[in-house]
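Reader: I'm new to this one. Could you walk me through it, feature by feature?

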Amino acid sequence: MGKIAFVFPGQGAQRVGMAREFYDSCPESREVFETASAAAGYSIEEICFSETLPDDSQAGEDGRVPNTKINQTRYTQPVLLTASLAILAAVQKAGIVADMAAGLSLGEYCALTAAGTFSVSDAVRIVCQRGIYMEEAVPTGGAMTAILSRKPIPIEEICASIDGQVSVANYNCPGQQVISGEKSAVDAAAAKLLEAGASRAVPLVVSGPFHSPMLSGAGEKLAVLLADQEIRKPEILVLSNVTAEPVSDPEEIRSLLGRQVCSSVRWQQSVEYMIAAGADTFIEIGPGTTLTNFMKKIDKTVRALHIEKPEDLDAVKSVL
């Protein structure tokens, strides 16, 4: 019998209103939000659910301004983490159990929490600081570009040939990788990759060159934070973004999470490992279907499902 894998999206999947239906209908989901807000020290619910936020210094006549916090890294990360974990709570209440888990970048913290490595409170506290460290570490002149191709191209070799700092940030799926680093170097690498056969190079609207060595300062601060954090051995198999292999030793988890913010996310390789380990049903838990779409390009023979709303959960229960 095949195995079930839970997968969790990363930053960029967030939207106002995510997980609201579960918050309203499932006490366990609501409890996740309440626990997260207490850990964060501010209202996760308000940032997650409100189109506008109070702001006396910039407010219009109604005393509110558009909600931009949901797209600000220091808030995006704990809010998205909370929304995904709230949906997970409803999934677990429904009796759906995973044999393994993985998450894209920020989503790795959801996977580790699903595996019992972190409590919700601890995960939120860590991710609050992770978002701040990444936001503060962003250097000027950084950029990220998605490279789309219909045939294999020597992306690592071309990045290495460029003057300046540029490297592969994400191995998402066949035909889609992301490069990150100094803007001039990213642009130069993108041009060479197009010459080498890439079909498109799409600049991404991001606040910094994430998952590149330019974020090493954030990784060092995160490693210091994690040194004093209780980390329990995962109860199910969890994949590391950095190695695309299982990680279970608490000390190794600490090390890899510190390295993760400035290392490549090996998502395609992680999924391929889980398939080889027996996973034939992947359930994306959280807003959007980014990982589900990647899955269709990685391996069409496995079942790719997603749960974002209660009706999605009902649909998944009907096919499992």
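This is a predicted model: local features need pLDDT of at least 70, side-chain atom pairs count only at pLDDT 80 or more; totals for chains, interfaces and linings use all residues.

Reader: How many aromatic pairs does the structure hold?

Author: Five. As a general idea, a pair of aromatic rings is described by the distance of the centres and the angle of the planes. Take Tyr23 and Phe33: their ring centres are 5.4 Å apart and the planes stand at 85°, so this pair is edge-to-face. Tyr23 belongs to helix 1 (residues 20–25) and Phe33 to helix 2 (residues 27–40), so this pair links distant parts of the chain, ten residues apart.

Reader: What kind of aromatic pair do Phe33 and Phe49 form?

Author: A tilted one, with 5.1 Å from centre to centre and 45° between the planes. Phe33 lies in helix 2 and Phe49 in helix 3 (residues 44–49), so the pair ties together parts that are 16 residues apart in sequence.

Reader: Is Phe33 buried or exposed?

Author: Phe33 is buried, with a relative accessible area of 0%. The cut-off for buried is under 20% relative accessible area. Tyr23, at 12%, counts as buried because of that cut-off, and Phe49 counts as buried at 13%.

Reader: Now the sheet. In which order do the four strands come?

Author: The general idea goes like this: strands of a sheet pair through backbone hydrogen bonds, either parallel or antiparallel. Here, four strands form an open sheet in the order 6-7-5-8, with antiparallel pairing. Strand 6 (166–173) and strand 8 (200–203) are the edge strands, each pairing on one side only. On average, neighbouring strands of this sheet are turned by 25° against each other, direction ignored.

Reader: Over how many bridges do strand 5 and strand 7 pair?

Author: Seven, in the antiparallel sense, between strand 5 (residues 142–148) and strand 7 (residues 176–182). To find your place there, look for Met144, which stands opposite Ser180 in strand 7. Strand 7 also pairs with strand 6, again in the antiparallel sense, over six bridges. On that side, Asn170 stands opposite Val178 in strand 7.

Reader: How many residues of strand 6 are buried?

Author: Seven of its eight, so strand 6 is largely enclosed by the rest of the structure.

Reader: Which helix lies across these strands?

Author: Helix 8 (residues 183–195) lies across strands 5, 6, 7 and 8, and runs at about 145° to strand 7.

Reader: One more thing: where should I look for a positive phi?

Author: In general, most residues other than glycine have a negative phi. Gly175 is a glycine with a positive phi, near 85°, in the hairpin of strand 6 and strand 7, which has two residues between the strands. Then there are residues other than glycine. Ala19 has a positive phi near 70°; it sits in the loop between strand 1 (3–8) and helix 1, and is buried at 1% relative accessible area. Ala244 has a positive phi near 60°. Look for Ala244 in the loop between strand 9 (237–238) and helix 10 (250–260), where it is buried, with a relative accessible area of 6%.

Definitions and conventions:
Residues are numbered from 1 along each chain as its sequence is written. Side-chain values use heavy atoms; hydrogens and water are left out. Two strands pair if DSSP finds at least two bridges between them. Axes are lines fitted to C-alpha atoms, for helices over the stretch in contact, and angles run from 0 to 180 degrees between N-to-C directions. Contact means heavy atoms within 4.5 Å. Buried means under 20% relative accessible area, exposed over 50%, partly exposed in between (1.4 Å probe, protein chains only). Rings of Phe, Tyr and Trp (its six-membered ring) pair if their centres lie within 6.5 Å; planes under 30 degrees apart count as stacked, over 60 as edge-to-face and the rest as tilted.
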